[in-house]
Amino acid sequence: MQKLDGRKTSAEIKDEIREEVNSLRSSGKRVPHLAAILVGEDGGSITYVNAKVKACDYVGFDSTLIKFNDEISEEELLSKVHELNEDPSIDGFIVQLPLPKHIDEKKVTLAINPSKDVDGFHPENIGRMSLGLPAFLPATPNGIMELLKRYQIDPEGKHCVIIGRSSIVGTPMSLLLSRNKKGANATVSLCHSRTKNLKEMCLQADILIAAIGKPYFLKADMVKEGAVVIDVGTSRLPDSSKKSGYKLAGDVAFDEVSEKCSFITPVPGGVGPMTIASLLQNTLLANKRSADNA
Ligand code: NAP
């Protein structure tokens, strides 16, 4: 078994981006600028946004963190989104999810200008991706595609089984893997909570992707010998031995599954860092596109 080291791969990508940013700066061009909107005090969201800002600093992007308390109204949040849409100094921005219950996440996602939607969640980007047109690809699935590519795992002709059909992970993952394109061309089964015989489905997988949010759900008896296993899950479990008071748990029972598979992503250090690398790639792309339009 070989670990798919998302931390190392993401560090390589960040170094590549840093070089590009250095050459933009030395040729007098504007460097990419990412803004992030954070609403409320959700521990996970704060950690993710801080990691994104830190990654921006590392690669030399400008970044702006905009924080609101969770009492902000939907109108106020939408007005900030419109302001960022119109701000020519911002190449791309994200609204960290989840949002408080009184705010309609779909409405907020739809309000983001697709040309600044570096999370790749806007229906225009999802639609363009489905048609194979240039688009901002959703950060987590695209990060997984990049990880497979850099470890020379070609999905072509393979049976990929994805568990979880969310609009930010499972569903776009199924579209990316099944595209008629080099580095894709997989046969995909998209499973969810109503899938019958999930274990039998999983046992057919050459590449098995778990994006459920249930700690240690995927056990060794659900995995074919030699399969590639990608663990997207990041659940927080109380752990008094950690300074933070919690540990991150994946959807895969790592110890037993790693005995059986050929490649596996750890949690933490697998898909998470690749998501951030992918967000940076999208922001660099947004900057290049706006420079082309200037
Ligand atoms: P989500 O919106 O909660 O969707 C979960 C999916 O899992 C749903 O499609 C659900 O089916 C399916 N599911 C739940 N229980 C199941 C079961 N027993 N058998 C089969 N399918 C089942 O989740 P998400 O936003 O995609 O996130 C999934 C996990 O990935 C979470 O732990 C999240 O924190 C993590 N995540 C990590 C990253 C990263 O960068 N590492 C990024 C995004 C998300 P139904 O549709 O039928 O309800």
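This is a predicted model: local features need pLDDT of at least 70, side-chain atom pairs count only at pLDDT 80 or more; totals for chains, interfaces and linings use all residues.
Local features are given where pLDDT is at least 70, and side-chain atom pairs count only at pLDDT 80 or more, whereas totals for chains, interfaces and linings use all residues. Residues are numbered from 1 along each chain as its sequence is written, and side-chain values use heavy atoms, with hydrogens and water left out.

The protein is divided into domain 1 (28–113) and domain 2 (139–272), with bounds that come from an automatic or database domain assignment. Taken over C-alpha atoms, the centres of domain 1 and domain 2 are separated by 27 Å. Helices and strands are DSSP runs numbered from the N terminus (helices H or I, at least four residues; strands E, at least two).

The largest nonpolar core holds 50 residues, of which Leu177, Ile209 and Ile230 touch the most other members. Such a core is a set of buried Ala, Val, Leu, Ile, Met, Phe, Trp, Tyr and Cys residues joined through side-chain atoms within 4.5 Å. Buried means under 20% relative accessible area, exposed over 50%, and partly exposed in between (1.4 Å probe, protein chains only). Helix α10 gives the most to this core, with eight residues. At least three residues of the core come from each of domain 1 (28–113) and domain 2 (139–272). In soluble globular proteins, nonpolar side chains tend to be buried together.

The ligand is surrounded by 21 residues, and the closest are Arg165, Ser166, Ser193, Thr234 and Thr275. A residue counts as near a molecule if one of its heavy atoms lies within 4 Å of it. By class, this shell has nine nonpolar, ten polar and two charged residues. In this classification, Ala, Val, Leu, Ile, Met, Phe, Trp, Tyr, Cys and Pro count as nonpolar, Asp, Glu, Lys and Arg as charged, and the others, Gly among them, as polar. Helix α10 (residues 271–293) gives the most to the shell around the ligand, with three residues.

For Ser193, a polar side-chain atom lies 2.5 Å from an oxygen atom of the ligand. In the side chain of Arg165, an N or O atom is 2.7 Å from a ligand oxygen atom. The corresponding distance for an N or O atom in the side chain of Thr234 is 2.9 Å. On its own, the ligand has 930 Å² of accessible area, and the protein covers 70% of this. Accessible areas come from the Shrake-Rupley method with a 1.4 Å probe; for residues, only the protein chains shown count as cover.

Two cis peptide bonds are described here, beginning with the bond from Leu97 to Pro98, where omega is near 5°. Pro98 lies in the loop between β4 (92–95) and α4 (105–111). Val267 and Pro268 are also joined by a cis peptide bond, with omega about 0°. Pro268 is placed in the loop between β11 (263–264) and α10.

Positive phi values occur in residues other than glycine. Phi of Asn197 is near 55°, and this residue is found in the loop between β6 (187–191) and α8 (198–203). Asn197 is exposed, because its relative accessible area is 54%. Phi of Tyr216 is near 60°, in the loop between β7 (207–210) and β8 (228–231). Tyr216 is partly exposed, with a relative accessible area of 31%.

Ser189, in strand β6, counts as buried because its relative accessibility is 16%. The side chain of Ser189 makes a polar contact with the side chain of His159 (2.7 Å). A polar contact is a pair of N or O atoms within 3.5 Å; within protein, one must be able to donate a hydrogen and the other to accept it, and residues adjacent in sequence count only if both atoms are side-chain atoms. Glu74, in helix α3 (residues 74–86), is buried at 11% relative accessibility. Glu74 and Asn113 are 39 residues apart in sequence, and their C-alpha atoms are 17 Å apart in space.

Gln2 lies in strand β1 (residues 2–3) and is partly exposed, with a relative accessible area of 38%. Although Gln2 and Val228 are 226 residues apart along the chain, their C-alpha atoms are separated by 9.5 Å.
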